Amino acid sequence: MGRCDLRPDYIFESSWEVCNKVGGIYTVLSTRAKTLQEMMKDRIIFIGPDFGGDAQAAYFAEDASLFAAWRETAAAEGIGVRVGRWNVPGQPVTILVDFKPYFPKKNDIYTWLWEHYQVDSLHAYGDYDEASMFSYAAAKVVESFYKHCLCEADRVVYHGNEWMTGLGLLYINNKLPQVATIFTTHATSIGRSIAGNMKPLYDYLFAYNGDQMAGELNMQSKHSIEKQTAWHVDCFTTVSDITANECRELLDKPVDVVLPNGFDNSFVPTPSTFARKRKKARQRLLAVAGALLGEHLGDDTLIVSTSGRYEFRNKGVDVYIEAMNRLLRDKCLTKKVVAFIEVPGWVGEPRKDLQQRLASGQEYDTPLEVPLVTHWLHEMSHDRVLDMLKYYDMHNRREDNVKVIFLPCYLDGNDGILNMTYYDIVLGNDLCIYPSYYEPWGYTPLEAIAFKVPCITTDLSGFGLWANSQKGAYSELIDGVKVIHRTDYNYSEVADCIKDTVAEFSNFTDAQVRKARSNADALSKKALWSEFIKYYLEAYAIALEKAEERKHK
């Protein structure tokens, strides 16, 4: 049997973000589920953490009829699970496992881990214990299900995402060698830490020793579990060429396959409703900005935004603000710009004064106090976005052609100000800007172009490199994505390039805008899961081939 014929009969995939919306990995798994479900119909089983109560009610629908006999067996073995379906396209079978009972045994588990795999858990702190106990519990689920519901003829894959699933992958490697294991690191813990600690990552990557840096940055335990997992699984993968380079240098292990993050566009509005939804989003964004700033903003206002996790340097929030500050004095800018920063901060409550203005439906000609932010923060004087705006004396004065507004909350439709979800808002932008310094893939720009919004990103993001690869050269704004060359040291040039690109866009003709939007849409279609799932099939085959070899030894 050739490798390409090796297909799994069952796939178990675990992640801390199954039915738990924390970051980009949730999007990876939840959008890929539909494609896998079509291939594997209820033989792709996701495993996530169970937080009990109604904490995950929006994402998970329990179904008592699924695996009822096994569930009783698992309970008798001391494994507490809820079985049901994940409320995402494809409705895949999902098992949520209670990991709390394993905390009293954690020292014994860590001792076993050290004795068998030399993983250093002595320096653990923060989320290491919680993630490790979940990982162990997930592996116990796979072990129990395999023993009671499957047989040796079944080809089974266990796929773990991020260092948080490492302990479980090593457990399966040891206890169930007939199960093929795949590990995907979406970003190395030590690489993210180097970048987040203001150290130059890229120019010195060849010279960094991952183990040494883990000691210096107090990351020994996370780095240790990640490295040992990478070395012991059947197939080690990551999400982009840029992170593959990082894995080779910092984990001393090349990846077997790169698994780029695809997209499911089933929630992008159909052409018949798209224009209406875009108009509604623009009206809402301009109404919120107008009420905050106390001025009328016409529909020819350019709406730009950045969004993502609050990683001030890694996500390029700093260089975005820098670019907007320089744009204030740019003579080529021909339109007013409202630049949103949609990054969840330590949010307190929605502003009552802004809510009152929005409820009145009137137009106002005086700004509110602090016309920079839509929600009060718990520590206004210690917020990096507000600090940088203050440092540059950016206070959204009436004469300023560029206004910057901080939306420091999750756009879940219930934030108290916009009251629309991120996907309902993003299509209202004219341009999205993601000038990342550290971005293994980059879902935000991919989501933007799926909603026909041209965007700016950098070649330090996996997505930016992919966009360039599709063109065979540096992608420009008219292509749908402007990819800026970024290094450890050219922050100022990047800010200038963003400023120039926004000014250039303000001068686009209607035909040029239509072309950029159409090209953005076309490019997003090349990143659908239907295009990218082939890389996963390759990873499954590599892992299964190694498991088959073990069976015949």
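**Setting values against definitions**

Mentor: Helices α1 and α19 are roughly perpendicular to each other. This is a predicted model, in which local features need pLDDT of at least 70 and side-chain atom pairs count only at pLDDT 80 or more, while totals for chains, interfaces and linings use all residues. Residues are numbered from 1 along each chain as its sequence is written, and side-chain values use heavy atoms, with hydrogens and water left out.

Trainee: Why are α1 and α19 called roughly perpendicular?

Mentor: The axes of α1 (residues 24-40) and α19 (residues 529-551) come within 11 Å and cross at roughly 75°. Axes are lines fitted to C-alpha atoms, for helices over the stretch in contact, with angles from 0 to 180 degrees between N-to-C directions. Angles under 35 degrees count as roughly parallel, over 145 as roughly antiparallel, 65 to 115 as roughly perpendicular and the rest as oblique, and therefore α1 and α19 are roughly perpendicular. Where they meet, the residues of α1 include Val-28 and Leu-36, and those of α19 include Ile-533 and Tyr-540, where contact means heavy atoms within 4.5 Å.

Trainee: What makes Ser-189 buried?

Mentor: Buried means under 20% relative accessible area, exposed over 50%, and partly exposed in between, with a 1.4 Å probe and protein chains only. Ser-189 has a relative accessible area of 9%, so Ser-189 is buried. This residue lies in helix α6 (residues 189-196); helices (H or I, at least four residues) and strands (E, at least two) are DSSP runs, numbered from the N terminus.

Trainee: Which side chain makes a polar contact with that of Ser-189?

Mentor: The side chain of Glu-226 does, at 2.9 Å. A polar contact is a pair of N or O atoms within 3.5 Å; within protein, one must be able to donate a hydrogen and the other to accept it, and residues adjacent in sequence count only if both atoms are side-chain atoms. Leaving aside residues up to four places away in sequence, Ser-189 also touches Trp-163, Met-219, Lys-222 and His-223, among others.

Trainee: What makes helix α15 mostly covered?

Mentor: In α15 (residues 443-450), 8 of its 8 residues are buried, among them Tyr-443, Glu-447 and Ala-450. Just after α15, Lys-452 takes a positive phi of about 65°.

Trainee: Why do β14 and β17 stand at the edges of their sheet?

Mentor: The sheet is open, with 6 strands in the order β14-β11-β10-β15-β16-β17 and parallel pairing. Because β14 (402-407) and β17 (481-484) each have a single partner strand, one side of each is left without a neighbour in the sheet. Two strands pair if DSSP finds at least two bridges between them, and 6 bridges join β11 (residues 337-342) to β14, with Val-337 having Val-402 as its bridge partner.
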